[in-house]
Amino acid sequence: MLTNFILLAQNQISPPGFLIIPFLLLIGMIAAGPIFFSHFWENNYKKVAVVLALIVLGYYLFALQDVHMPIHTFFEYASFAVLLSSLYISAGGIYINVNARATPAMNVALVAIGAVLANIVGTTGASLLLIRPFIRLNIHRIKAYQIVFFIFIVSNAGGLLTPLGDPPLFIGFLKGVPFFWTLQHLFTPWLIAIALLCLVFYFVDRRNKITDFTPSPEVVSKLDERTEFYVSGKRNLFWLAIIIGAIFLDPNVIESLPHIYYDGNKFSFLREIIQLSAAFFCYRNASKTAMAGNQFSFHPILEVVFLFFGIFFTMMPALQLSAEIASAPQYAKYITPNFLYWATGSLSSFLDNAPTYANFLSLGMAKYDMAQNSVVEVRQFATGTGADPITLTLLEAISLASVLFGAFTYIGNGPNFMVKAIAESAGIKMPSFFGYVFRYSIPFLLPILIIIWYLVVELKLF
């Protein structure tokens, strides 16, 4: 995810505008497929995602004769897929259960704990560890909105305090943003966002009295085995720690690490080998009781891996074209904190938020003749000691938007789709793509995003 899409856009042949059609088609099918042609989509989503991705990839390779963007995208996707798969497998072997009455206060407490945990094990790790206990806790009153607020809080907004929390912030750390910069500058916005989301969740959840959800016999049988606080599969915590620790094994930070050098970039493979190996040992030695309790299967992770393969490769033209437009000299005067907040947020909602962060970091720095491939200049940009102290506010706007807006759709951040897939595998009817946006993101999330913008970016109160 370290690709500088703006530099690639400037140095490579521009893709034609019509090449974004496969991306729009894939997003449209993700949105409409489960509603209008569910049988076809369920049986063919893998083929659809791969075929559309190969169409775009083929155009880049044979029509544009551009191998740079596809190679960069391949390494980014490989890192994304390996990390997500490894975390999924390791978390699947850890069974956590809480013996408590499923009240709105208990639900808020659980997602608040998840928001803190997300900064230690990442939003993906926290989501995978807690989503199943969250579902079991609410099994007799489970509703889709509970899963959606879990996505809002644990899978996205929670990971705003450390580079470990969310992939965009980790990219910033690797490029030179100090490790504790996020904690120092984003703590108050994090606290406001989490508090507001938990408050809204509490009042919405208070209205939930009964449910028409009928748990499967397997789930019901597990309910009878609850204890006050029970964790099975503790051995997987060791492998989980290895998977998370391996994230730091980046050749762009540690010079001596083996890597693949291409087009001015160092691409990791040792990190991915370690993570896959840890995932293998997790699965091979996992507690059968924990796996059975979690009703573990590979279907949710396969759905994410295939769909995001399509998303990563079909969104190449969209990222490249947006980078070209935004980096044009005539638009430099518009590079303000307000612009970066809403532009970064808008793209982070529908494109993966990690490369979007990288795009706008490069764009914001370019305004001051600073380069994102210089660790010193990135640090100056982050601390406001460069050409203009406003750079500090620019980076705050980029960071806030890339993380918080990642919750706006199922595809804004990797954990979103993963949580959705796990919930559906448990028998919960989740809203469609547009149902998620119009029923939950716009009425509940958007007002909070506006409040954060007004207090932090516009008024600069924090």
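The structure is a predicted model, in which local features need a pLDDT of at least 70 and side-chain atom pairs count only at pLDDT 80 or more, whereas totals for chains, interfaces and linings use all residues. Residues are numbered from 1 along each chain as its sequence is written, and side-chain values use heavy atoms, with hydrogens and water left out.

The largest pocket holds about 610 Å³ of space. On a 1 Å grid over the protein atoms alone, a pocket is an open set of points with protein on both sides within 12 Å along at least five of seven lines, a cavity is a set of points where a 1.4 Å probe fits but cannot get out, and lining residues have an atom within 4 Å of a point. Grid points are joined across faces, edges and corners, and a volume is the space filled by probe spheres set on the points. The lining of the largest pocket comprises 30 residues, and P34, K420, E424, K429 and M430 lie nearest its centre. Two or more lining residues come from each of helix 2 (21–36), helix 3 (38–63), helix 13 (299–314), helix 19 (414–425) and helix 20 (433–458). By residue class, this lining divides into 16 nonpolar, six polar and eight charged residues, with Ala, Val, Leu, Ile, Met, Phe, Trp, Tyr, Cys and Pro counted as nonpolar, Asp, Glu, Lys and Arg as charged, and the others, Gly among them, as polar.

K420 and E424, both in helix 19 and four residues apart, about one turn of the helix, meet through their side chains in a salt bridge of 3.0 Å from N to O; a salt bridge is a side-chain nitrogen of Lys or Arg within 4 Å of a carboxyl oxygen of Asp or Glu. K420 is buried at 7% relative accessibility, while E424 is partly exposed at 32%, where buried means under 20% relative accessible area, exposed over 50% and partly exposed in between, with a 1.4 Å probe and protein chains only.

Across the whole structure, four salt bridges are found. D250 and R271 are joined by a salt bridge of 3.1 Å from N to O; because D250 lies in the loop between helix 10 (235–245) and strand 3 (260–262) and R271 in helix 11 (residues 270–285), this pair ties together parts that are 21 residues apart in sequence.

Two cavities of 30 Å³ or more are counted, and the second largest cavity holds about 40 Å³ of space. Its lining residues include P163, F173, W181, Y357 and S399. Helix 7 (167–175) and helix 8 (181–205) each supply at least two residues of this lining, and helix 7 gives the most, with three. The lining of the second largest cavity divides into eight nonpolar, three polar and no charged residues.
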